[in-house]
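Colleague: I have a model open and would like to learn how to read it. Could you take me through a few features, one at a time?

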Amino acid sequence: MKYALNIGLILVITLFTLNLIFKEQELPEIISDLKLADPRWIALGAAAAIFFVAGESSIIHYMLRVLEQKTSFLRCLKYSFIGFFFSYITPSSTGGQPMQMYHMKKDKIKIGYSTLIMLLITIAYKSVLVLLALGFLIFNFDTVALYAGDMKWLIVLGFALNLSFIILLLLVFIKPIWARALGIKVVDLLTKLHIMKRRNKEKYTEKLIRICDTYAMGADYIKKNLSVVFNVFLMTAVQRICLFSITWIIYRAYGMNETRYIDILTIQIMIAVAVEMLPLPGAAGITEGCFLLAFTEIFTMERVKPALLISRGLNFYLILIIGAVVTFAAHIINIKRDKKQTE
């Protein structure tokens, strides 16, 4: 029910946002603008979105091979689509990895292995985004100032949230005992302030201790396998750039070539930094607003709105729909398998 409500919230916010954006345009006019895009480039954009998901699958497959676990790439692709589906419908993308670990466990992959893999993917996913954003901000600052200046405070907030998350992970890695003690104090404070119910205190304290212990084990593995970590970071960088490139592909679909690929990539990375950590399922509403703020001058007033529709359709709704189908199919298969085992 919670996930269904989140999907409903995404649809409501999206419909409300699109209604505001297109309130002065008729539906036939919108459809006409969409048809102007070259379908060959749109197909390339769809392929880039699928490749983005497959990029995480490659990392999972690689890590399982390193851990001497024989699993097919298609099964890893299943884990990725399920993960992105639940990430897209939960605030701050918090729901994906627990569901991936659940389905890995169903496929007889040890919880210790799946936890380590998801932990490393999380660190790489967030760290690569921040590193890319810092790099492009430093070396392409004029482009950021020119096109993304109106959302500078949102970018600053995004950097602060992402860096805080990474620092927290590093604290757990480097000083797990300190992190555990700090976490317990935070739980005590939230209980005293009546933000957290007293009856839930013990449950969250135990969960916190379990997470810290797991991260400490992961830290030990990472220290001993730096080459594996480097490879995961490199694969994650390719994966993320693939997704960010969809906006440039749409730009080319409209026959435009005045703005450099590197500039469009820079702006899209800044948008990702600004919205990814916000507590909104799928960052619905805010993503569309940032796209219009940053890309109106590049796409022009006539093309920016249909470009927004195509962009959101490829990098969000296409993955969401395929993820929903894969999740439903996996659920049915698990039910049938469990039924056979009990017979």
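Modeller: This is a predicted model. Two packed helices are described by the angle between their axes and the distance between the axes. Here helix H6 (residues 111-139) packs against helix H11 (residues 226-244), with the axes 9 Å apart and an angle of about 60°.

Colleague: How are H6 and H11 oriented to each other, and which hand does their crossing have?

Modeller: H6 and H11 are oblique to each other, and their crossing is right-handed. On the H6 side the residues include Leu120, Ile123, Ala124 and Leu132. On the H11 side they include Val229, Phe233, Arg240 and Phe244. By class, the contact of H6 with H11 has 13 nonpolar residues, three polar and one charged.

Colleague: At what angle do helix H13 and helix H14 cross?

Modeller: The axes of H13 (residues 261-275) and H14 (residues 286-299) cross at roughly 160° and come within 10 Å. That angle makes the two helices roughly antiparallel. The crossing of H13 and H14 is right-handed. Among the residues in contact are Ile264, Ile271 and Val275 of H13, and Cys290, Phe291 and Ile298 of H14. The contact has 10 nonpolar residues, two polar and no charged ones.

Colleague: How should I read pairs of charged side chains?

Modeller: Side chains of opposite charge can pair when their charged atoms come close. The count of salt bridges in this model is seven. One of them joins Arg240 and Glu276, at 2.3 Å from N to O. Arg240 lies in H11 and Glu276 in the loop between H13 and H14, and the two are 36 residues apart. Arg240 is buried, with a relative accessible area of 0%.

Colleague: With which lysine does Glu276 form a salt bridge?

Modeller: With Lys126, where the closest N and O atoms are 3.7 Å apart. Lys126 lies in helix H6, so this pair ties together parts 150 residues apart in sequence. Both Glu276 and Lys126 are buried.

Colleague: Where do Lys78 and Asp107 lie?

Modeller: These two side chains meet in a salt bridge of 2.9 Å, N to O. Lys78 is in helix H4 (residues 73-88), and Asp107 is in the loop between helix H5 (96-106) and H6. Asp107 is buried, with a relative accessible area of 9%.

Colleague: Last, is Ile166 buried or exposed?

Modeller: Ile166, in helix H8 (residues 152-174), is buried, with a relative accessible area of 15%. Leaving out residues up to four places away in sequence, Ile166 touches Lys126, Ser127 and Val130. Ile166 and Val130 are 36 residues apart in sequence, and their C-alpha atoms are 9.3 Å apart.

Conventions:
Residues numbered from 1 in each chain as written. Predicted model: local features only at pLDDT ≥ 70, side-chain atom pairs only at ≥ 80, totals over all residues. Heavy atoms only, no water. Axes fitted to C-alpha atoms, helices over the stretch in contact; angles between N-to-C directions. Helix = DSSP H or I, 4+ residues; strand = E, 2+ residues; numbered from the N terminus. Parallel < 35°, antiparallel > 145°, perpendicular 65-115°, else oblique. Left-handed = near helix turned anticlockwise from the far one by under 90°. Contact = heavy atoms within 4.5 Å. Nonpolar A, V, L, I, M, F, W, Y, C, P; charged D, E, K, R; others polar. Buried < 20%, exposed > 50% of the residue type's maximum accessible area, 1.4 Å probe, protein only. Salt bridge = Lys/Arg side-chain N within 4 Å of Asp/Glu carboxyl O.
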